[in-house]
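Dear colleague,

I am passing on a structure that you have not worked with before, and it is shown just below.

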Amino acid sequence: MGVKIGSGNFGTVNKGILLGLYDSSSKTTVAIKSANGLGCPTELNDLMAEIKIMSCINPHPNLVSLIGSCSSELKRDGNLWLLIEFCEHGDLQNYLKKNEGRILSGKETDPINSRNLLKWLFEIAKGMQYLEENKIMHGDLAARNILMADDPSDSNTPMAKVAD
């Protein structure tokens, strides 16, 4: 578990490295959500509910993917962890603020421009449609709950993924 990259109603999120996911020598960067149930039972219950929901749906390109969870210390210390894919560019809210100038003044040939907004809206809609098809209500769709990850089909612009 590495540096803290966020916090909220659920607890905290740290960047981490998962060893051996693909083979004995692989190192995968992940985001680790944690809640200390001894400190705040609501955080623990919220994280447990998120783990339960995420474990019931198949992966989708526009949803942040579950990698795993760990509850081995839950009874002893009240600790629970959720490992999800790491999204390199952070949340949409901060990404838009950070790149406002590039988005608003970018030319059509620039990798970041106003047309990216349509791409991201479409990706968010596809993620939300997938949740609806699986009878899952998100309940808190907001720019802070959209994460921006590298797009395997376009190395110049990130893709939007629904989270939380």
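The chain carries 17 positive and 20 negative side chains, and the centres of these two sets lie 2 Å apart. Please keep in mind while reading that this is a predicted model. As for the surface, the chain exposes about 9,900 Å², of which carbon and sulfur atoms supply 53%, while 39% of the 164 residues count as buried.

Turning to the fold, there are 5 helices and 7 strands in the chain, and along the sequence they follow the pattern β-β-β-α-β-α-β-α-α-α-β-β. The radius of gyration is 17 Å, close to the 15 Å that the globule rule gives for 164 residues, so the chain is as compact as a globular protein of that length. Taken along the principal axes, the box filled by the C-alpha atoms is roughly 55 × 40 × 25 Å. Of the contacts between residues at least 6 apart in sequence, 51% join residues that are at least 24 apart.

The side chain of asparagine 145 reaches the backbone oxygen of aspartate 140 at 2.7 Å. Leaving aside residues up to four places away in sequence, asparagine 145 touches His138, Asp140, Lys161, Val162, Ala163 and Asp164.

Key:
Residues are numbered from 1 along each chain as its sequence is written. This is a predicted model: local features need pLDDT of at least 70, side-chain atom pairs count only at pLDDT 80 or more; totals for chains, interfaces and linings use all residues. Side-chain values use heavy atoms; hydrogens and water are left out. Helices (H or I, at least four residues) and strands (E, at least two) are DSSP runs, numbered from the N terminus. The radius of gyration is taken over C-alpha atoms; the globule rule is 2.2 Å times the number of residues to the power 0.38. Buried means under 20% relative accessible area, exposed over 50%, partly exposed in between (1.4 Å probe, protein chains only). Contact means heavy atoms within 4.5 Å. Accessible areas come from the Shrake-Rupley method with a 1.4 Å probe; for residues, only the protein chains shown count as cover. Lys and Arg count as positive and Asp and Glu as negative; His and the chain ends are not counted. The place of a charge is taken as NZ of Lys, CZ of Arg, CG of Asp or CD of Glu. A polar contact is a pair of N or O atoms within 3.5 Å; within protein, one must be able to donate a hydrogen and the other to accept it, and residues adjacent in sequence count only if both atoms are side-chain atoms.
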